[in-house]
Number of protein chains: 2
Amino acid sequence: MTGEKEKLGLIGFGAFGRLTARHLSPWFDILAHDPAATPGFGGGEGVATLTDLATAAACPTVVLAVPVEALEATLIAIRPHLAPAALVIDVGSVKVKPAQAMDALLPHGVRIVGTHPLFGPQSGKDGIAGLRIAVCEVRGGKDARRVAAFCRRALGLKVFSVSPEDHDREAATVQGLTHLIARVLMAMEPLPTRMTTASFDRLMQAVDMVRHDSPAVFRAIERDNPFAAEVRERFFALADQARGTAGEG
Amino acid sequence: MTGEKEKLGLIGFGAFGRLTARHLSPWFDILAHDPAATPGFGGGEGVATLTDLATAAACPTVVLAVPVEALEATLIAIRPHLAPAALVIDVGSVKVKPAQAMDALLPHGVRIVGTHPLFGPQSGKDGIAGLRIAVCEVRGGKDARRVAAFCRRALGLKVFSVSPEDHDREAATVQGLTHLIARVLMAMEPLPTRMTTASFDRLMQAVDMVRHDSPAVFRAIERDNPFAAEVRERFFALADQARGTAGEG
């Protein structure tokens, strides 16, 4: 049916895997594997064919849309099935640990690029053009540049080429703060929805965008980013200061 | 020049007073007084005539656009100059204390309505139609209903008619949380502006909307709202819980 397009193996067909398949399916014949999904033609939502792990892992390009905490086990599982010069790309919210794991566990010859799409099923639900993605070189700059060019031209994304370290330092603030604040505000719910201000509305829009993120995304941001603890401590130290001065003017 | 319009006295010609004058000047001949401004035709920005306190206070309608903490002194200052059946309206961010002060300090016969425009110079800079205002009955419901109808029809605002207590309870959450979070995030600046997510962008838009609020607005929200301390304590208690669980998953 779609035999003219190059095959792309997609490991993980959760909410983000499905978003990935939807946007890559115009360019690739997507063979998706998810341990929770049954292989067959019915489950791919018209944008992918569900298949077994070995078939998906044998494609020339393999995208790993699995939780960061499941990455190592996934790398070990796909390793025997990878083509000698396969291009493996992850999409995790942190980059230092996944880059190290991919480099340590994947055979020499396999090409590796780290990416972090700075959007999710919620913020990307009305289209992803104009949204942001970070692209990290892991093994050689040439593949990273090709992936970056594809993201820019084919997907219309704003691409940031950064090292895994620079990515994690910046993401620790951006995602760490958003998730911390969302976590506290969600715990305060129900919150007013009627007599609100424009700034409060913005705050709640921010919460709504991460409210359905999986617990694994929260864990990746809070535990697997080496700079997360530092940002968190700074936030709480400043909150304590604000606690001390609020009410005193 | 504008002799056909009814006169409206505006006490306070700061950022919010000027916003008020801009939107009321099509309907009223505005005589504004601000202790920091020099009377004369030059300083009214084309939407008001700057004048002395006595002249502004003698208008049939008097709007008090002064900081909540300056309200009592303002009431005492204007009292001798008010017309016997003047309509006095405040615009403070809290309503319980101002309503009590106006009722206690203004002569019998003077009509009083409390309002809280749920916007400021920042969120209202591109127009105020569609934004929200709370209207509180202080002395008699008829004047509050007239003010509400004017806000709805002439200014296009969404009007919430509430008691001062209900207003302050809800505002303590809406404004208290926004200002607390903005205070902590501003203390963390400089924050990333490049590799951001849509939810982080919303968070920073919320901060930008209150970043230039005067310290007096912060003080009114944090000190003069009887429910503020409760909301603040709840936020910090839940933040402490998040602090304990973050990083554990």
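**Notes on how chains A and B meet**

1. Let's start with charges: the rule picks out four salt bridges across the interface of chain A and chain B, a salt bridge being a side-chain nitrogen of Lys or Arg within 4 Å of a carboxyl oxygen of Asp or Glu. D201(A) pairs up this way with R132(B), with 3.1 Å between the closest N and O atoms.

2. A quick word on the source: this is a predicted model, where local features need pLDDT of at least 70, side-chain atom pairs count only at pLDDT 80 or more, and totals for chains, interfaces and linings use all residues. Residues are numbered from 1 along each chain as its sequence is written, chains are lettered from A and ligands numbered from 1 in the order in which they are written, and side-chain values use heavy atoms, leaving out hydrogens and water.

3. How many residues take part? In chain A, 57 residues are in contact with 57 residues of chain B, where contact means heavy atoms within 4.5 Å.

4. Together the two chains bury about 5,600 Å², with 69% of it on carbon and sulfur atoms. Buried area here is the accessible area (1.4 Å probe) that two parts lose on being put together, summed over both. M188(A), M195(A) and R243(A) supply 14% of the area that chain A buries against chain B, more than any other three residues.

5. Now look at α6(A) and α7(B), where T173(A), V174(A), L177(A), T178(A) and I181(A) meet S199(B), F200(B) and L203(B). Helices here are DSSP runs (H or I, at least four residues), numbered from the N terminus.

Conventions:
Helices (H or I, at least four residues) and strands (E, at least two) are DSSP runs, numbered from the N terminus.
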